[in-house]
Amino acid sequence: MSSYQKELEKYRDIDEDEILRTLSPEELEQLDCELQEMDPENMLLPAGLRQRDQTKKSPTGPLDRDALLQYLEQQALEAKERDDLVPFTGEKKGKPFIQPKREIPAQEQITLEPELEEALAHATDAEMCDIAAILGMYTLMSNKQYYDALCSGEICNTEGISSVVQPDKYKPVPDEPPNPTNIEEILKGVRSNDKELEEVNLNNIQDIPMVLLTELCEALKTNTYVRSFSLVATKSGDPIANAVADMLRENRSLQTLNIESNFISSSGLMAVLKAVRENATLTELRVDNQRQWPGDAVEMEMATVLEQCPSIVRFGYHFTQQGPRARAAQAMTRNNELRRQQKKT
């Protein structure tokens with residue numbers, strides 16, 4: 001046993017409670033302050049116990065966060081702004097910089113033939129830009145000007161070399177018009193099994209009630225004429241995905257299903273994928289660009305579904321894992337080859 005351990009042995013049988021009972025209130029308060037200041041950087045202790053409580057006022061009541069924020073905002077508004085040490089007057093000091101003219105040395109001067117000198121002296125900016133493109137001086141112009149000058153035999157640039165710093169002007173692309181589909185009329189047509197209704201397109205309609213979408217999926221179970229069903233960017237969630245899954249288990253005419261750009265989670269996608277296994281008519285399925293990444297398990301399920309469902313020849317999803325991506329690509333190649341052989345026969 002070392003000397004340090006022998007020194008600690010004499011403190012083994014000390015009764016700490018007896019010592020604390022003999023201390024006076026002043027000594028207990030001083031001991032409390034000492035203990036609180038012993039280890040202020042101890043991360044295991046709460047922030048209020050790492051330092052001594054220096055407040056002497058009695059509590060005014062429970063914390064009112066809104067009142068505190070209002071008080072701090074009022075204090076900030078009433079605080080006087082600090083004056084600048086040097087007030088801004090707008091006076092300009094110093095002399096403006098003037099680029100000195102550089103004289104070209106005699107050995108660097110280029111002498112051209114009189115005919116070329118005269119042609120270049122009277123050339124316009126557009127002609128100079130085309131000449132620079134032909135000589136390969138592509139740094140003096142934009143890419144559009146360079147390739148336009150090379151591909152055409154005529155002077156097509158009318159802006160000159162000074163247009164290098166200007167961006168290329170493109171024609172504005174107007175926004176897509178709103179979807180004019182009347183959901184109630186579509187629902188009536190699906191329920192009545194209308195022969196002329198072969199496509200249900202509800203893309204980009206943001207305010208579709210969930211009840212109508214559920215009724216539409218319920219009506220599609222017995223419909224025999226609708227070939228395409230699209231719900232892109234309709235803010236559909238897992239309840240709609242479950243309704244679509246129930247529809248796929250009973251429908252035998254749908255060929256294209258597009259539910260991209262929605263709020264469907266991994267559980268909703270998993271329900272749709274399991275229902276696809278029981279559907280033999282679906283040839284195209286698109287489920288990409290959901291609000292959150294579905295996960296590795298869903299991607300593995302996608303690859304498995306494509307391997308077990310030879311009817312699917314088009315699948316829309318961007319895989320993040322190499323394994324499911326390779327399996328899906330191989331399955332899609334096989335499915336398309338089977339479809340090509342069936343068309344030949």
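Me: In this predicted model, which residues does K221 touch, not counting residues up to four places away in sequence?
Reply: K221 lies in the loop between α9 and β2 (228-230), and the model in which this is seen is a predicted one. Once residues up to four places away in sequence are set aside, the residues that K221 touches are D246, M247, E250 and N251.

Me: Is K221 buried or exposed, and with which side chain does the side chain of K221 make a polar contact?
Reply: Buried means under 20% relative accessible area, and K221, at 15% relative accessibility, therefore counts as buried. The side chain of K221 makes a polar contact, at 3.1 Å, with the side chain of E218.

Me: How are α9 and α10 oriented to each other?
Reply: The axes of helix α9 (residues 210-220) and helix α10 (residues 238-250) come within 8 Å and cross at roughly 10°. Angles under 35 degrees count as roughly parallel, and α9 and α10 are therefore roughly parallel to each other.

Me: Which residues make the contact of α9 with α10, and how many of them are nonpolar, polar and charged?
Reply: On the side of α9 the contact is made by M210, L213, T214, C217 and L220, while α10 contributes P239, I240, A243, V244 and M247. Sorted by class, the contact of α9 with α10 has nine nonpolar, one polar and no charged residues.

Me: How are α10 and α11 oriented to each other?
Reply: The axes of α10 and α11 come within 8 Å, and the angle at which they cross is roughly 5°. With angles under 35 degrees counted as roughly parallel, α10 and α11 are therefore roughly parallel to each other.

Me: Which residues make the contact of α10 with α11, and how many of them are nonpolar, polar and charged?
Reply: From α10 the contact draws on D238, A241, N242, A245, L248 and R249, and from α11 it draws on S267, G268, A271, V272, A275 and V276. By class, the contact of α10 with α11 has seven nonpolar, three polar and two charged residues.

Me: How many residues of helix α11 are buried, and what covers them?
Reply: Helix α11 (residues 266-276) is mostly covered, with eight of its 11 residues buried. These buried residues are G268, L269, M270, A271, V272, L273, A275 and V276. What covers the buried residues of α11 includes α10, β4 (284-286) and α12 (296-308).

Me: Are C217 and C309 buried or exposed, and to how many disulfides does the count come?
Reply: C217 has a relative accessible area of 1% and is buried, and C309 is buried as well, with a relative accessible area of 5%. A disulfide is counted where a pair of cysteine sulfur atoms lies within 2.5 Å. By this rule the number of disulfides comes to zero.

Me: Where is N204 found, and what is the phi of N204?
Reply: N204 lies in the loop between β1 (199-201) and α9, where N204 is partly exposed, with a relative accessible area of 43%. The phi of N204 is a positive value in a residue other than glycine, and that value is near 65°.

Me: Where is N289 found, and what is the phi of N289?
Reply: N289 is found in the loop between β4 and α12. Although N289 is not a glycine, its phi is positive, with a value of about 60°.

Me: Is G316 buried or exposed, and how far apart in space are G316 and N289, C-alpha to C-alpha?
Reply: G316 is found in strand β5 (residues 314-316) and, at 7% relative accessibility, counts as buried. Not counting residues up to four places away in sequence, G316 touches E260, L285, R286, V287 and D288. G316 and N289 are 27 residues apart in sequence, and their C-alpha to C-alpha distance in space is 9.5 Å.

Me: For the chain as a whole, what share of the contacts with a separation of 6 or more comes from residues 24 or more positions apart?
Reply: The chain has 13 helices and five strands, and buried residues make up 29% of its 345 residues. Among contacts in the chain with a separation of 6 or more, the share from residues 24 or more positions apart is 69%.

Terms used: Residues are numbered from 1 along each chain as its sequence is written. This is a predicted model: local features need pLDDT of at least 70, side-chain atom pairs count only at pLDDT 80 or more; totals for chains, interfaces and linings use all residues. Side-chain values use heavy atoms; hydrogens and water are left out. Axes are lines fitted to C-alpha atoms, for helices over the stretch in contact, and angles run from 0 to 180 degrees between N-to-C directions. Helices (H or I, at least four residues) and strands (E, at least two) are DSSP runs, numbered from the N terminus. Angles under 35 degrees count as roughly parallel, over 145 as roughly antiparallel, 65 to 115 as roughly perpendicular and the rest as oblique. Contact means heavy atoms within 4.5 Å. Ala, Val, Leu, Ile, Met, Phe, Trp, Tyr, Cys and Pro count as nonpolar, Asp, Glu, Lys and Arg as charged, and the others, Gly among them, as polar. Buried means under 20% relative accessible area, exposed over 50%, partly exposed in between (1.4 Å probe, protein chains only). A polar contact is a pair of N or O atoms within 3.5 Å; within protein, one must be able to donate a hydrogen and the other to accept it, and residues adjacent in sequence count only if both atoms are side-chain atoms.
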